[in-house]
Number of protein chains: 2
Amino acid sequence: MSTYRHNIPETGKPRIVIIGGGFGGLNFLKRLRNNDYQVVLFDRYNYHTFQPLLYQVATAGLEPDSVAGPLRKMIRKKDDWHFRMLRVDRVDPEQQEIHTAAGRLHYDYLVIATGSKMNYFNNASIARNAYPLKQVTHALDLRHTIFQQFERLEILARKKGKIRENLNFVVVGAGPTGVEICGALAELKKHVLPKDYPELDIGCMHIYLVEGLGQVLPAMSEASGKKAQQYLERFGVKVILNCMTESYDGKTVQLSNGEKITANTLVWAAGVQPNLPRGIPADYTGKSGLRVNIYNQVSNADGKSILENIFAIGDAAFLQTEKYEQGLPGLAPVAIQQGKHLAKNMIRAARGKSLKPFHYVNKGVMATIGRNKAVADLPMNIRFSGLAGWTTWMLVHLLYLVGFRNKTIVFTNWFWNYVTYDRGIRLIIRPSPKSRDLISRELMNEMKTDNE
Amino acid sequence: MSTYRHNIPETGKPRIVIIGGGFGGLNFLKRLRNNDYQVVLFDRYNYHTFQPLLYQVATAGLEPDSVAGPLRKMIRKKDDWHFRMLRVDRVDPEQQEIHTAAGRLHYDYLVIATGSKMNYFNNASIARNAYPLKQVTHALDLRHTIFQQFERLEILARKKGKIRENLNFVVVGAGPTGVEICGALAELKKHVLPKDYPELDIGCMHIYLVEGLGQVLPAMSEASGKKAQQYLERFGVKVILNCMTESYDGKTVQLSNGEKITANTLVWAAGVQPNLPRGIPADYTGKSGLRVNIYNQVSNADGKSILENIFAIGDAAFLQTEKYEQGLPGLAPVAIQQGKHLAKNMIRAARGKSLKPFHYVNKGVMATIGRNKAVADLPMNIRFSGLAGWTTWMLVHLLYLVGFRNKTIVFTNWFWNYVTYDRGIRLIIRPSPKSRDLISRELMNEMKTDNE
């Protein structure tokens with residue numbers, strides 16, 4: 001380990017290190033309006049990703065700039081706020097330091113907001129061949145794959161049988177992401193692909209949605225699940241419930257019910273796991289993230305040993321409450337609320353006041369299934385669907401998008417797509433071999449030379 | 001060579017094969033409104049690229065979808081028009097066939113609209129280390145490199161000397177692309193970077209524009225060149241004229257005047273060469289493309305041997321006229337006019353009428369240098385610059401963009417960037433390792449199996 005330390009200035013203020021600029025980290029920063037702390041944000045990317053709309057990037061409805069916001073724009077609001085585009089590899093609670101490729105940094109408070117990553121449940125064939133949908137790069141990969149596939153099939157179009165099989169899509173996991181990507185694929189099938197590829201028999205394209213549990217949208221009400229399934233089936237999506245996906249070699253999907261489906265593309269939306277830095281002892285790790293108490297402080301199972309200056313929020317945190325014995329759900333609103341609440345607590349702490357406990361307010365869950373169709377479960381058993389649900393879904397998503405620019409661009413695109421039944425951006429822009437990764441080994445080497 | 005032939009249906013109509021969906025190919029298609037021909041368009045990409053605005057993609061002013069338009073949208077206008085996303089490797093004038101990785105195709109008429117590619121003049125060190133700016137992928141590479149570099153330097157910011165040198169940019173070639181990228185970099189330096197990277201001394205960032213000839217914008221009038229140079233220098237760009245770039249090892253630029261410049265990024269905008277498929281005999285190749293007569297038919301030097309059914313337009317063509325002894329300039333308007341003219345001639349031919357000769361109408365040349373500044377040389381020695389030039393530049397570029405969607409999105413972005421002095425999309429989205437290239441070897445192998 002290099003002895004290099006980060007070049008963050010010592011300003012005398014207590015230092016808050018935040019790992020991750022997702023919903024949790026970003027909303028923590030938004031609400032932390034005081035000047036009592038030095039803030040250092042670390043992220044692998046220089047942008048925040050609005051994950052709920054990634055499926056639209058994957059299906060050519062939106063461009064990356066619509067769902068991503070530059071993190072530095074948030075950081076530059078305060079003089080003593082800093083950003084470093086680096087992955088945090090390790091946390092050292094003893095030394096109160098984080099470790100990165102560019103050296104270590106001391107923290108007074110640490111906010112772990114590292115979110116989640118794909119969980120393939122140790123299935124190597126799926127991990128190798130499936131398309132995930134968690135980052136902007138995943139969405140672009142999936143988009144390029146979808147459209148390249150059609151270009152390729154049109155070149156091969158003589159071989160009818162072969163094409164029929166290759167046109168299939170399998171989506172595993174019927175949570176909101178799985179349902180929404182199925183809806184978007186069905187829309188492409190209905191409105192865009194037949195016009196773009198008249199030589200292919202797009203009617204042969206089948207979209208399968210495979211879910212291990214007994215209903216579509218298993219985290220929502222049975223009524224909404226049924227409704228969503230109805231919408232999907234009316235759209236031509238084949239829903240397979242109570243069924244596990246056993247393997248996928250890139251061509252054939254083997255299901256636990258014995259069925260085999262030939263498909264060129266499998267989208268994996270069946271599970272995530274917390275994306276934690278190393279270094280926090282195992283006692284502090286719960287079922288789906290770092291155990292936290294009601295102040296979002298990392299603590300062990302019986303809640304007696306508390307790492308008082310280490311907080312975890314969002315998907316990285318595992319908070320059990322009376323109502324949520326399995327932990328709070330892995331939803332954006334949980335991360336947003338925890339981020340905002342923690343910021344308020346940090347402001348209170350700076351003023352010598354005691355921390356306030358966190359209470360999650362369930363504002364409802366929604367999923368959209370293509371044009372004019374959505375389901376929403378709101379608190380107090382209010383449910384709605386169809387056009388009303390869809391309008392609400394749109395407004396809520398526009399509202400939560402990062403900035404005014406993103407809102408404008410997304411709205412323009414949606415309006416365009418809605419009116420024309422088209423997708424403006426079915427572009428296959430493959431990466432060029434010349435792109436260099438400047439922050440990595442090269443940097444580490446420079447750091448080493450620097451210390452010799 | 002596989003014996004596979006393309007699966008383009010035989011409809012009894014004469015077949016026009018177009019290679020390339022750039023300005024020439026696209027405008028040929030736009031104007032070819034009759035149904036007398038079968039049309040097959042080949043392109044490596046599934047989109048048209050509006051190259052004059054690539055520099056804005058590179059400097060985070062626009063996203064790729066703004067400067068690219070899906071080619072299939074154009075193709076789907078007619079029943080017997082077809083698109084294949086394939087590179088054409090070779091033309092066989094004897095057999096009237098084109099060769100691709102997926103087999104051969106017979107043509108009755110061939111339109112070679114393959115444009116140009118970078119010309120490094122056999123300088124290996126520059127070819128390896130410079131950033132070109134000719135394709136969307138180039139623009140994205142350059143953007144990622146620019147912003148990754150600043151992220152990296154902020155991590156290293158302790159080492160002042162090192163940073164000062166690494167902040168430099170060298171742009172080689174003072175044509176419109178070179179001038180415009182310098183202007184855009186200068187704008188980033190002035191309005192965006194100091195706010196985003198407060199820990200870096202952005203004042204140390206230098207932008208060099210190196211030109212082999214004696215003036216900025218050598219293809220424009222001396223007055224406009226002087227004006228542009230003035231604008232650039234007022235913006236802090238260091239203009240070096242009458243100077244060749246001898247080598248670049250990725251760190252140091254060696255100039256022919258003996259000077260060395262340390263720079264992390266060198267943008268090569270110093271020359272292009274025609275991007276021709278193989279197979280046309282050398283007699284038909286001129287100084288900068290396939291020799292064509294006034295009907296855009298490929299012909300040899302004395303104009304006596306004519307390939308009557310092979311046309312070349314745009315940067316792929318070399319058309320000498322009395323006024324343009326060195327051939328028509330490599331400008332978008334030339335390609336657009338040739339494409340439209342050729343389409344009209346093809347319609348005439350279908351009606352049994354004789355071909356009409358092509359006359360290039362010079363509508364002027366323009367270049368913009370950042371906010372509110374541009375120079376324009378119009379016919380009849382009309383010149384203007386400053387805000388008037390800039391407004392004209394904007395309107396003309398909006399007008400020529402492919403579709404209404406692109407116009408709307410570009411306008412929204414420009415308006416946003418103009419009002420806020422900001423760049424919405426300084427996102428570093430690196431390619432993911434999982435992206436697969438589906439149309440290539442794999443396809444060729446399938447084709448082979450198919451014929452065994």
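Which residues touch the most other members of the largest nonpolar core? In this predicted model, where local features need pLDDT of at least 70, side-chain atom pairs count only at pLDDT 80 or more, and totals for chains, interfaces and linings use all residues, they are A:L290, B:V111 and B:L290, in a core of 262 residues. A nonpolar core is a set of buried Ala, Val, Leu, Ile, Met, Phe, Trp, Tyr and Cys residues joined through C-beta atoms within 7 Å. A residue is buried if 20 or more other C-beta atoms lie within 10 Å of its own, exposed if 12 or fewer, and partly exposed in between, with C-beta atoms placed from the backbone. Residues are numbered from 1 along each chain as its sequence is written, while chains are lettered from A and ligands numbered from 1 in the order in which they are written.

Neighbours within four places in sequence aside, B:V111 is in contact (C-beta atoms, placed from the backbone, within 7 Å) with B:I16, B:I18, B:I19, B:G25, B:F28, B:F311, B:I313 and B:L342. B:L290, for its part, is the bridge partner in β20(B) of B:T285. Strands β19(B) and β20(B) (residues 289-291) pair in the antiparallel sense over 2 bridges; pairing requires at least two bridges found by DSSP. Both belong to an open sheet of 3 strands with mixed pairing, in the order β19-β20-β23 of chain B. Its edge strands, each pairing on one side only, are β19 (285-286) and β23 (317-318). Strands (E, at least two residues) and helices (H or I, at least four) are DSSP runs numbered from the N terminus.

In chain A, 4 strands form an open, parallel sheet in the order β13-β12-β11-β17. Strands β13 (237-240) and β17 (265-268) are at the edges. Neighbouring strands are turned by 20° against each other on average, direction ignored. Helix α8 (residues 176-196) of chain A packs on this sheet, touching β11, β12, β13 and β17, and its direction makes about 170° with that of β12(A). Axes are lines fitted to C-alpha atoms, for helices over the stretch in contact, and angles run from 0 to 180 degrees between N-to-C directions. Strands β11 (residues 169-172) and β12 (residues 207-210) of chain A are joined by 4 bridges, and A:V171 has A:L209 as its bridge partner.

Helix α11(B) has the buried residues B:G389, B:W390 and B:W393. These fall within an arc of 100° seen down the helix axis, so they line one face; the arc is that of the directions from the axis to the C-beta atoms. They pack against β24 (365-368), β25 (374-378) and β26 (382-385) of chain B. On the other side of α11(B), B:L387, B:A388, B:L395 and B:L399 are exposed.

Note on methods. Two residues are in contact if their C-beta atoms, placed from the backbone, lie within 7 Å.
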